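Work through the following exercises with the sequence and the coordinates side by side, and try each task before reading its solution.

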Amino acid sequence: MPVPLVDRGGVDPRDYILDIHGLASADESSGDSPGSGAPNARPWIAIHFKCCHAYARLYRNRDGTAYAGQCPKCGAPARAAIGEGGTDARFFTAE
Ligand SMILES: [Zn+2]
């Protein structure tokens, strides 16, 4: 006996949940550590700009090759490459 579509509301909720999980699993960490958080949030790392003693976030670029941003006070650029040699550091300092 076929299941009436109305019982599923036309959308299978399991598929929806799986899609969200796929987006969130790019970063395996959980909790409140940098780089995680809301499923739709872009990964980021914290950085300390020594030039102005200011803290900021570097957001991952579209290619996923680096984190990039700039000093919130003087605009000095900062960049951290992803995956070159590997570092687990989640906090960086810009000289
Ligand atoms: Zn600065």
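**Exercise 1: Fold outline**

Read along the sequence, this predicted model follows the pattern α-β-β-β-β-β.

Task: State how many helices and strands there are in the protein, and what share of the residues is buried.

Solution. The count of elements comes to one helix and five strands. As for contacts with a separation of 6 or more, 23% of them join residues 24 or more positions apart.

**Exercise 2: The core**

Task: Identify the residues of the largest nonpolar core, and determine which strand gives the largest share of this core.

Solution. The largest nonpolar core has seven residues, namely Ile45, Ile47, Phe49, Leu58, Tyr67, Ala78 and Ala94. Its largest share, three residues, comes from strand 1, which spans residues 44-49. Next, take isoleucine 47, a member of this core: once its neighbours within four places in sequence are left aside, its contacts are Ala56, Leu58, Gly69, Ala78, Phe92, Thr93 and Ala94.

**Exercise 3: Confidence**

Solution. Begin with the whole protein, where the mean pLDDT is 71 and 49% of the residues reach 70 or more. Where pLDDT is low, predicted coordinates should not be read in detail.

Technical notes:
Residues numbered from 1 in each chain as written. Predicted model: local features only at pLDDT ≥ 70, side-chain atom pairs only at ≥ 80, totals over all residues. Core = buried A, V, L, I, M, F, W, Y, C linked by C-beta atoms within 7 Å. Buried ≥ 20, exposed ≤ 12 C-beta atoms within 10 Å, placed from the backbone. Helix = DSSP H or I, 4+ residues; strand = E, 2+ residues; numbered from the N terminus. Contact = placed C-beta atoms within 7 Å. pLDDT = per-residue confidence, 0-100.
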